[in-house]
Amino acid sequence: MSSCGKPGHTSRRAFLQTLSAGCAYCAMAPAYAKLLDYKLAASEIAKGTWAVHGANEYFNFDNGGNIVNVAFIEVPDGVVVVDTGPSKRYGEALLALIERTIPGKRVLRVYNTHHHPDHCFGNQVFDRELIAAPQGVIDNLSLEGEGFAENLYRLVGDWMRGTALAIPGIALEASSEEIGGRRFSLYYLSGHTSSDFVVRDDETGVLFTGDLAFMFRTPTTPHADIATWQASISSLDSTDRELIFPGHGPKDVKGESLLQTADYLSWLDGNLRLSVERGLTMNEAMALPIPARFNALSVLRTEYERSVVHLYPQLEDSIWQEVEVTR
Ligand SMILES: [Zn+2]
C-alpha cells in the first residue's frame, strides 16, 4: 500500500480505516459514501491560472482535510500543478477538475511546495516522474510522511481511504525550468519548514509561495524556524511578481499575506520569549490574550495554542541557558 515499507504503520492504518469505515457508518454506507465528495471548484486568478481553495479551518471530518490552496496552470503544451491536497480522494477530484476545466491537456509537471500533509497527499494519482520538489522536501517527506498520513487518518477518517505516501521522483536544483513552453522560476527557501519551495510563473507573474505566506489564516508552526521564516518573507517581498497565491487563504494582489504572516510571527516570537523570561508555564502562556489586530485570522486561538506547544520547550531551553551563562 505504501512505498515506505513499514509494515507496522501500514497495518495500523489499515486498522484505522477499517474502524472508521466499518463501525460507525456501516448502516448508512451507500449514502455516506456519496457524502465524501470534496466538491472542488476552480476559480481563474490570472490568465490560464486556476485556484482551488480549501476551507480556512483546521483538519476535521467535515472538511476531509481540504484546508489548503492548490493551483493548476494551463501552459502551451499541457498543465502544471502546484500542490496536490490531503488525500488520494482529493487527488482524483483534482484530476477530474483539471480535465473539466482544461479538456484534453496532459499534466506535465507537479510541484510540491513543502512536505506538510495537506499539500502533498494527493501525489499518488500523478505519475511519480512528473512530481518535482527540492531534495529537502523529498527528505522531509521520506522521514515524516508516514507519520503524517497516520495522523490525518485519525483526524479525518475515511476521507483518507487508500491514501499512501508518494515521494516526488524529481529533485530540483535549477533556478528555473521550462515546462510545456512556459518558464517557471524556482526559489529554494525555508523557515515554515526546513525546505520551502516557491514557484513563479514568469508569464503571468503569479508567485506560488506555499506556506511561507498565509492570508487571513493563522500561520502554523510545527516545523518553524521563525527568524529564517522572516528572512524568507523579506526575500519574497522583493521578488518581482504580479500576484501572490498563498498556501492558505485568498489570492493576494498587494503583498498583504506577507505582511500578515510577518506581523503575526513577530508578535508570536516576542510574546513567547517574554513569557519564558517571566517564568510563565506553557498553560499560562497559552491563556494570554491575543492582540485584536489578529482577529481577522481564522483558527487564531487554536493555532496560537499549538504554536506554544511547538515553540515553548526550545525557547525555554535557549533562554534559560543564556541566563545561566550570563550568571
Ligand atoms: Zn505547511
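Guide: Begin with the donors. In this predicted model, the zinc ion has four protein donors: His114 through NE2, His116 through ND1, His192 through NE2 and Asp211 through OD, lying 2.2 to 2.3 Å from the ion.

Visitor: What spacing do the donors of the zinc ion follow along the chain?

Guide: The pattern is H-x1-H-x75-H-x18-D.

Visitor: Are His114 and His116 buried or exposed?

Guide: His114 and His116 are both buried.

Visitor: Why is the arrangement of the four donor atoms around the zinc ion called irregular?

Guide: Look at the angles. Four donors count as tetrahedral if all angles lie between 85 and 135 degrees. The angles at this zinc ion run from 86 to 172°, so the arrangement is irregular.

Visitor: Now the strands. Which way do strand 2 and strand 3 run, and how many bridges join them?

Guide: Strand 2, residues 49–53, and strand 3 run antiparallel and are joined by five bridges. Within this pairing, Thr49 stands opposite Ile73 of strand 3.

Visitor: What joins strand 3 to strand 4?

Guide: A hairpin does, through two residues. Strand 4 covers residues 78–82, runs antiparallel to strand 3 and is linked to strand 3 by five bridges.

Visitor: How many residues of strand 3 are buried?

Guide: Strand 3 spans residues 69–75 and is mostly covered, with six of its seven residues buried.

Note on methods: Residues numbered from 1 in each chain as written. Predicted model: local features only at pLDDT ≥ 70, side-chain atom pairs only at ≥ 80, totals over all residues. Heavy atoms only, no water. Donors = N, O, S within 2.8 Å, 3.2 Å for Na, K, Ca; no water. Tetrahedral: all angles 85-135°; square planar, octahedral: opposite > 155°, others 65-115°. Buried < 20%, exposed > 50% of the residue type's maximum accessible area, 1.4 Å probe, protein only. Helix = DSSP H or I, 4+ residues; strand = E, 2+ residues; numbered from the N terminus. Pairing = 2+ DSSP bridges.
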